[in-house]
Amino acid sequence: MITDLWYKHGLIYNFSLSGFLDANGDGIGDLEGAHRRLDYLQGLGVTAIWLAPFQPSPMRDHGYDISDYYGIDPCYGSLGDFVEFSRACKQRGLRLIMDLVVNHCSDQNAWFQKAIADPGSKYFDYFIWADERPEDDEEGVIFPGVQETTWTYNETVGKYYFHRFYEFQPDLNMANPEVQREMLKIVGFWLELGVSGFRIDAVPFLIAEEGINLKDPQPAYGLLRDIRALAQWRKGDAVLLAEANIPAEKALQYFGDDGERLHMILNFPVNQALFYALASADTVPLRKALEASQCIPGSAQWANFLRNHDELDIGRLPEDQREAVFAAFGPDDNMQIYGRGIRRRLSPMLGGDRRRVELANSVMMTLPGTPVIRYGDEIGMGDDLSLPEREPVRTPMQWSDGPNGGFSPSKDPVRPPIDSGPYSFEIVNVARQRAAEDSLLNWMERIIRSRKEMPEIGEGEFCVLETPAHILALRFDWKDHLSVFVHNFEDRCCEIALDIGVAPECTRLRGVLSDTSFDVGEDGRYPIVLEPYGYHWLRAGGLEQIPQSR
Ligand code: NOJ
Ligand code: CA
């Protein structure tokens, strides 16, 4: 069978225009700047870009408060610049995925403004209203400590409107067929301008039928089916990547029957269990999380990540595990947020220990699914905890040791670059790491190349192999590929006898990243030696040795 599921073989790189590269010198990163860095991304091995929201916005939530779905915020450039950018991505074989933020809009959006100016207009029903303050108005608050309620009184209308997130982000009434039509129009519009898919924001809230039944909202999965049907009809290879922090059991509903609803879901349960494993060297919960996410339809795919633009959300871990992660990676109050998360970048959380940074990235790249890299993690960027809320992990990209880390010539950049301490742009930057052969950046480039040569990770069947708790060993099988990935979460050397299961033709496991190999012993097991925080990517000998494209 011919398979052409590009998202199963790709590597996604996420950034927001504002912090990437400022080409016109006004202090804000822009489309022209990102355009200039496409060759860098292609060289790194990226195959798809997930671009954070860039539509007109008052920017009170990093652009996730959209005031016009059909435009580009002038600070980033024009629609013309966008088409140039999407075209330039296409020319390099880079797919472009954009955020689809339609659970809510900005209160400055013309729809909301028209709704409050004239409650008799059709726009009134674009939102969700209540005459009295609902009793449960403090429940379901997403940003505790910052957001007080989910219902806010609007003076002009004399009613309360519903908002899952901040009060300046009124929820759109998805139960209204007109709103659904608008949403599909937005999807169609951007596909026409060259995007290859959408990272759909806040999916569980988007599909909760608040407008119909606030007390017992039923998921409206039909909405996901409609988006997929339209997107694929308009553009056959378009993908939907969901932000849905849901337990794995629910995921099957989100994916639907094969080819029906979402293509990809960001795997939050695996992300949280992975951070627990990094904190405690206990990989058992991670194995369980992986096994729970095993049986998904053929075209469905998990997206794996380490960090993103939000807090590291560990709210779904059992309390003792959550406490262990807080103690290891976010012990100070200032590092924690919303009672469930850590507002730090990967490298500082791992104490800047190169061995642990490699371990974390190596695991992420070899988990079943598609890897998603957060900009700056390829060079081990740090965070700025003096900034409010989730801003510490959104500091400008560090390109060089020049002014503002090469991000902008402006005296007043949109966010201050990190200019002191071990993560300052003078020390951690792309230019410096390009020149140093053993840098993290060059290691990332090499590992990404190998990842792309191993289609079995993205597309194959996997199983968790039996090992001591501090070791994670996964086996993948796909067509004539068999590979095994072993990671040691402890700070000590160890030797294990690995049983990879039935593999009759295989007698040797060869290293993919290094010139190592392990021969099968008489007991049918492979004696494998691991350095502290060490890892091996191994391919079965006797089978295909030379990387083979799909
Ligand atoms: C999820 C996004 O990742 C987050 O940054 C944003 O604040 C909320 N959705 C609201 O749009
Ligand atoms: Ca600019």
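A polar contact here is a pair of N or O atoms within 3.5 Å. Keep that in mind for the notes below, which concern a predicted model.

1. Let's start with Thr 467. You'll find Thr 467 in the loop that runs between strand E15 (461-464) and strand E16 (471-478).

2. Now its polar partners. The Thr 467 side chain makes a polar contact with the side chain of Arg 287, at 3.1 Å. A polar atom of the Thr 467 side chain also sits 2.8 Å from the backbone oxygen of Ile 471.

3. Who else is around it? Leaving out residues up to four places away in sequence, Thr 467 touches Arg 287, Leu 472, Ala 473, Ile 496 and Leu 498.

4. Next, a couple of backbone angles to look at. Most residues other than glycine have a negative phi. Ala 202 has a positive one, near 50°. Ala 202 lies in the loop between strand E7 (197-200) and helix H6 (203-206), and Ala 202 is buried, with a relative accessible area of 3%.

5. Tyr 533 is worth a look too: its phi is positive, about 55°, although Tyr 533 is not a glycine. The loop between strand E21 (526-530) and strand E22 (535-540) holds Tyr 533. Tyr 533 counts as buried, since its relative accessible area is 11% and buried means under 20%.

Conventions:
Residues numbered from 1 in each chain as written. Chains lettered and ligands numbered in written order. Predicted model: local features only at pLDDT ≥ 70, side-chain atom pairs only at ≥ 80, totals over all residues. Heavy atoms only, no water. Helix = DSSP H or I, 4+ residues; strand = E, 2+ residues; numbered from the N terminus. Buried < 20%, exposed > 50% of the residue type's maximum accessible area, 1.4 Å probe, protein only. Contact = heavy atoms within 4.5 Å. Polar contact = N/O pair within 3.5 Å; in protein donor to acceptor, adjacent residues only side chain to side chain.
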